[in-house]
Amino acid sequence: MTVRYGAVDVDWLGYATARLEGETGAVVYTDPGRYGVLDDYDARDGDLILVSHDHHYDPEGIRRVAREDAIVVVHEAIDADEIDRVDERPEELPYEVERVGADESFVLGPLDLYTTPAYNEPGGPYTDEDGTPYHHEGEGCGFGVTIDGVTAFWPGDTDVLPVHEELAVDLFLPPIGGAFTMDRHDAAGLAETMRPGLVLPIHYDTFEALETDAEAFVVDVATRGVPVVLDEN
C-alpha cells in the first residue's frame with residue numbers, strides 16, 4: 001500500500017527499507033534489502049540510497065533499487081571486511097558513494113539531507129546479556145531528508161535520544177520492533193514529543209525478535225493526537 005503525505009508517496013517494502021518519491025520525481029530509499037524483503041523487487045529507480053549502519057548494508061539490495069547514476073550515502077563506520085555476509089566495500093559499488101558521520105547536513109541536488117546519531121545506551125534496555133549495546137555510538141546514523149517540502153525522518157537502529165526531540169519532522173518512520181531498537185512504546189512517546197504530520201512505523205515483524213503489536217502502536221499514537229498509519233502488505 002502506498003501512503004501519501006503532502007507531495008511525497010512512501011512505501012514500506014519490509015525490514016528497514018522504505019521508498020519515498022516526491023511529486024517532482026526524486027526517489028529515495030532507506031536501508032534497502034536483507035532478509036528477502038527485496039527478492040521480488042528490481043525497480044532500479046532510486047536517485048538517493050541511504051544506508052544507516054553495517055547491519056543494513058546489503059550490496060545486492062542496493063543494486064535492486066539504485067539507478068545507474070544514483071548517489072549512495074553510507075555511514076562512515078561501515079566496514080565490509082568486518083561483515084561476514086558481504087565481500088564488496090561500498091566504494092566498490094558502481095555508483096557515486098558518499099560516507100557521512102552522525103551529525104551532518106548538506107544538499108544533494110534537489111534534496112536536503114541531515115544525519116543524526118543512532119545507538120543503544122550502555123546498560124539500557126537494548127543490550128545483550130552482558131549489557132553491551134547492539135549498536136554502539138559512532139557506528140551508525142539516522143537520516144532526515146526533505147523531498148518537495150516534506151521532511152521524512154528514519155532514525156536508524158537506535159534508542160530514543162535527546163537529539164530526536166529537537167527535530168522538526170513531517171513524516172516520521174520509527175522502528176517499533178524493539179529488541180535492538182526503540183520499541184513501540186518508546187516510539188509512541190517520541191511521536192508525541194515530536195508531533196510530526198504523520199507517523200508510519202517500520203522495522204518490525206521481519207523475524208521473531210522484531211514481532212510487535214502494530215495495531216496497538218496505532219491506537220497508542222492516535223490517542224496522543226498524532227496522525228498515524230500502517231503500511232502492511
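1. Let's start at one end of the sheet. β1 and strand β2 (residues 8-14) run antiparallel to each other and are joined over three bridges. Tyr-5 sits opposite Val-8 in β2. A word on terms: strands (E, at least two residues) and helices (H or I, at least four) are DSSP runs, numbered from the N terminus, and two strands pair if DSSP finds at least two bridges between them.

2. Before going further, note that this is a predicted model, where local features need pLDDT of at least 70, side-chain atom pairs count only at pLDDT 80 or more, and totals for chains, interfaces and linings use all residues. Residues are numbered from 1 along each chain as its sequence is written, and side-chain values use heavy atoms, with hydrogens and water left out.

3. Back to the sheet as a whole. It is open, with seven strands in the order β1-β2-β3-β4-β5-β6-β7 and mixed pairing. β1 (3-5) and β7 (96-100) are the edge strands, each pairing on one side only. From one strand to the next, the twist averages 20°; the axes behind this are lines fitted to C-alpha atoms (for helices over the stretch in contact), with angles from 0 to 180 degrees between N-to-C directions.

4. Now the aromatic rings. Rings of Phe, Tyr and Trp (its six-membered ring) pair if their centres lie within 6.5 Å; planes under 30 degrees apart count as stacked, over 60 as edge-to-face and the rest as tilted. By this rule there are nine aromatic pairs. In one of them, Tyr-35 and Phe-207 have ring centres 4.9 Å apart and planes at 45°, so the pair is tilted. This pair links distant parts of the chain, 172 residues apart: Tyr-35 is in the loop between β4 (27-30) and β5 (46-51), and Phe-207 in the loop between β13 (198-199) and α3 (214-223).

5. Tyr-134 lies in the loop between β9 (111-117) and β10 (141-147) and Phe-180 in the loop between β12 (171-172) and α2 (184-194), so the pair ties together parts 46 residues apart in sequence. Tyr-134 is partly exposed at 31%, as is Phe-180 at 24%. Ring pairs link Tyr-15, Tyr-35, Tyr-134, Phe-180 and Phe-207 into a cluster.

6. Next, α2. Its buried residues include Arg-184, Ala-187, Ala-188, Leu-190, Ala-191 and Met-194. They cover an arc of only 165° around the axis, which puts them on the same side of α2; the arc is that of the directions from the helix axis to the C-beta atoms. The buried residues of α2 pack against β11 (150-154), β12, β13 and α3, with contact meaning heavy atoms within 4.5 Å.

7. Asp-183 caps the N-terminal end, with a side-chain oxygen 3.0 Å from the backbone nitrogen of His-185. Arg-195 follows α2 and has a positive phi, near 55°.

8. Finally, Val-218 in helix α3. Val-218 counts as buried, at 18% relative accessibility. What does Val-218 touch, not counting residues up to four places away in sequence? Val-228 and Leu-230.

Note on methods
Buried means under 20% relative accessible area, exposed over 50%, partly exposed in between (1.4 Å probe, protein chains only). A polar contact is a pair of N or O atoms within 3.5 Å; within protein, one must be able to donate a hydrogen and the other to accept it, and residues adjacent in sequence count only if both atoms are side-chain atoms.
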